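Please find below a short note for a colleague who is meeting this structure for the first time. The points are numbered and may be read alongside the display.

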Amino acid sequence: MMDKPIVVGINGSAGSEAALAWAVQRAARHKLPVLAIHTVDDRWMSPDFQYHELIRESGMELLQKAQASAGTLAPGIHTEIQLRHGSVGSALREVSKDASMVVVGEHDKHWMDGGPLTDRALQIVSASDSPVAVIPLKKGAGGQGVVVGVDGSEEATQAVRFAAAEADRGNDELTVVLAFRTPVRWLERQLPSSGLAETILEENSIVLAESVAGLRDKYPDLVIHRRLEPNTEPAKALVDHAAGARLLVIGSRGRGGFSRLVLGSTAHAVLQNVPCPTVVTAVHKVKHED
């Protein structure tokens, strides 16, 4: 596990440059190799397409520049390059099987090269068999603290484990956020003395406490903050709390997820407003029943 490379997607955009810088810095800290890949989507090309070789050479040139840049950023890190063919999602899914992490960068939202980052990131997160980090353009470095979202699901439990290890390793504080919308406000108005809202708040407080149970024993020096955010959309709460963080960690789905979906609504919404380097964990590891 420890010698699996960090895979970073390269496409020549400013976002992929941010992703490469973040990936190389992480590789240096964890003493891991880096694999930079570029995918040529040639599914539409005929075998005798006259510019096929030119497009391939341009892709290799892009990778060689990335390799040189990685060598400058972290001279001690071994960086390999690989040119792939086909769709970006399938190419990254294939390499993610033997990766410690896949890293992609944010695109300029005004680009029309097959969709903005939100579409590309969602595709890659959904396809990957390893954790995926999405690096925003202007917030790839700096920041303090690790933020993680929880909701009582097994995916969230795995996200907390990942986030706690990251925070402890980086001497960061860990903020665990549970946000929820109360679905019964209309009922509370009908039954003002029911205490239903208080019960829901208490239940979520218990879930939040259980989410961090055992962390202090494993990480005795780790400072842990618990944040309960009632009547708040989970994605908004996570984006707000992670605005100045070094890292945000979320699970692929929550407790309301359906087995046919690999990405939950909260993860989907967060990836549309990436506040800091954001890792989505455990995409395919947990089975659910509808």
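1. The model under review is a predicted one. Strand S10 covers residues 278-281, and Val279 belongs to this strand.

2. Is Val279 buried or exposed? Its relative accessible area is 1%, and a residue counts as buried when that value is under 20%. Val279 is therefore classed as buried.

3. Which residues does Val279 touch, leaving aside those up to four places away in sequence? The contacts are Met101, Pro131, Val132, Ala133, Phe162, Leu247, Leu248, Val249 and Ile250. One of these partners, Leu247, is 32 residues from Val279 in sequence, while the C-alpha atoms of the pair are 7.5 Å apart in space.

4. Attention is next drawn to Lys31, which is placed in the loop between helix H1 (14-30) and strand S2 (34-40). Its phi is near 55 degrees, a positive value in a residue other than glycine. With a relative accessible area of 71%, Lys31 is exposed, because the exposed class begins over 50%.

5. For Asn171, which is not glycine, phi is positive, near 55 degrees. The relative accessible area of Asn171 is 74%, so the residue is exposed.

How values were computed. Residues are numbered from 1 along each chain as its sequence is written. This is a predicted model: local features need pLDDT of at least 70, side-chain atom pairs count only at pLDDT 80 or more; totals for chains, interfaces and linings use all residues. Side-chain values use heavy atoms; hydrogens and water are left out. Helices (H or I, at least four residues) and strands (E, at least two) are DSSP runs, numbered from the N terminus. Buried means under 20% relative accessible area, exposed over 50%, partly exposed in between (1.4 Å probe, protein chains only). Contact means heavy atoms within 4.5 Å.
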